[in-house]
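Here is a briefing on one protein chain. Please look over the sequence and the structure first.

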Amino acid sequence: MKVRVPLWRRLWRRNRDIGLDPDRADLVVVASGFDDAEACSAALARATALTPDAPAVLRHHLRIPPQHVQTVCAIAAQDGYSPAPQVGGPGTDALETIVLQRVQLLDALHCSQERSRMAGLAQRHDGIADGWDALQPGQRP
């Protein structure tokens with residue numbers, strides 16, 4: 001007898017093993033959305049360097065009070081997010097800047113869902129979700 005795996009488990013598994021190392025040196029920003037009024041679909045539509053069928057590193061830029069950073073990172077880790085290495089300094093207004101990243105296939109629906117999820121996570125911990133960006137390997141000359 002064949003065991004049927006629910007669709008959501010197959011989709012979950014597929015998005016977890018798509019083979020892009022988020023620490024690659026050749027990753028460049030191919031899409032971004034830092035305007036709350038702009039839909040993810042519009043941001044992705046104007047992203048001319050984005051390869052839609054290829055995996056991307058989706059990064060969410062959050063500002064969180066220092067006492068809540070570990071909790072926020074632990075909650076996000078349940079969905080496969082990890083903190084990205086910090087490039088800049090600490091946040092400006094008693095909030096610590098963190099960037100949470102995950103590799104996934106990027107489309108408007110899932111980007112919008114994740115954006116909303118991160119905004120809610122930040123808000124529940126007295127923080128702010130500044131926006132998101134997506135990275136893919138840069139074009140070779």
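**A buried glutamate and its surroundings**

E114 has a relative accessibility of 5%, so it counts as buried, the cut-off being under 20%. The model is a predicted one. E114 sits in helix 4, which spans residues 108-124.

**Contacts of E114**
- Beyond its neighbours within four places in sequence, E114 is in contact with L58, H60, Y81, R102 and Q104.
- L58, H60 and Y81 are also among the residues that L100 touches.

**Overall layout**
- The protein has four helices and five strands.
- From the N terminus on, the order of elements is α-β-α-β-α-β-β-α-β.
- Of the 141 residues, 36% are buried.
- Among contacts with a separation of 6 or more, 80% join residues 24 or more positions apart.
- The accessible surface is about 8700 Å². Carbon and sulfur atoms account for 54% of that surface.

**Nonpolar cores**
- In soluble globular proteins, nonpolar side chains tend to be buried together.
- The largest nonpolar core here holds 25 residues. L62, I98, L100, L106 and W132 have the most contacts inside it.
- At least two residues of this core come from each of strand 1, helix 2 (40-45), strand 2, helix 3, strand 4, helix 4 and strand 5 (128-137).
- A second core is separate and has five residues, including L27, V57, V103 and L135.
- Not counting residues up to four places away in sequence, L100 touches L58, R59, H60, L62, V72, C73, A76, Y81, S82, P83 and M118.

**Helix 3**
- Which residues of helix 3 (69-77) are buried? They are V69, V72, C73 and A76.
- These residues lie on the same side of helix 3, because they cover an arc of only 100° around its axis.
- Residues three or four places apart in an α-helix point the same way, because each turn has 3.6 residues.
- The cover over the buried residues of helix 3 includes strand 2 (55-64), strand 3 (82-83), strand 4 (96-105) and helix 4.
- V72, C73 and A76 are among the residues touched by L100.

**P22 in its loop**
- P22 lies in the loop between helix 1 (7-16) and strand 1 (27-33).
- Its relative accessibility is 30%, so P22 counts as partly exposed.
- Leaving aside neighbours within four places in sequence, P22 is in contact with L27, V57, Q101 and V103. L27, V57 and V103 are among the residues of the second core.
- P22 and S82 are 60 residues apart along the chain, and their C-alpha atoms are separated by 10.0 Å.

Technical notes: Residues are numbered from 1 along each chain as its sequence is written. This is a predicted model: local features need pLDDT of at least 70, side-chain atom pairs count only at pLDDT 80 or more; totals for chains, interfaces and linings use all residues. Side-chain values use heavy atoms; hydrogens and water are left out. Buried means under 20% relative accessible area, exposed over 50%, partly exposed in between (1.4 Å probe, protein chains only). Contact means heavy atoms within 4.5 Å. The arc is that of the directions from the helix axis to the C-beta atoms. A nonpolar core is a set of buried Ala, Val, Leu, Ile, Met, Phe, Trp, Tyr and Cys residues joined through side-chain atoms within 4.5 Å. Accessible areas come from the Shrake-Rupley method with a 1.4 Å probe; for residues, only the protein chains shown count as cover.
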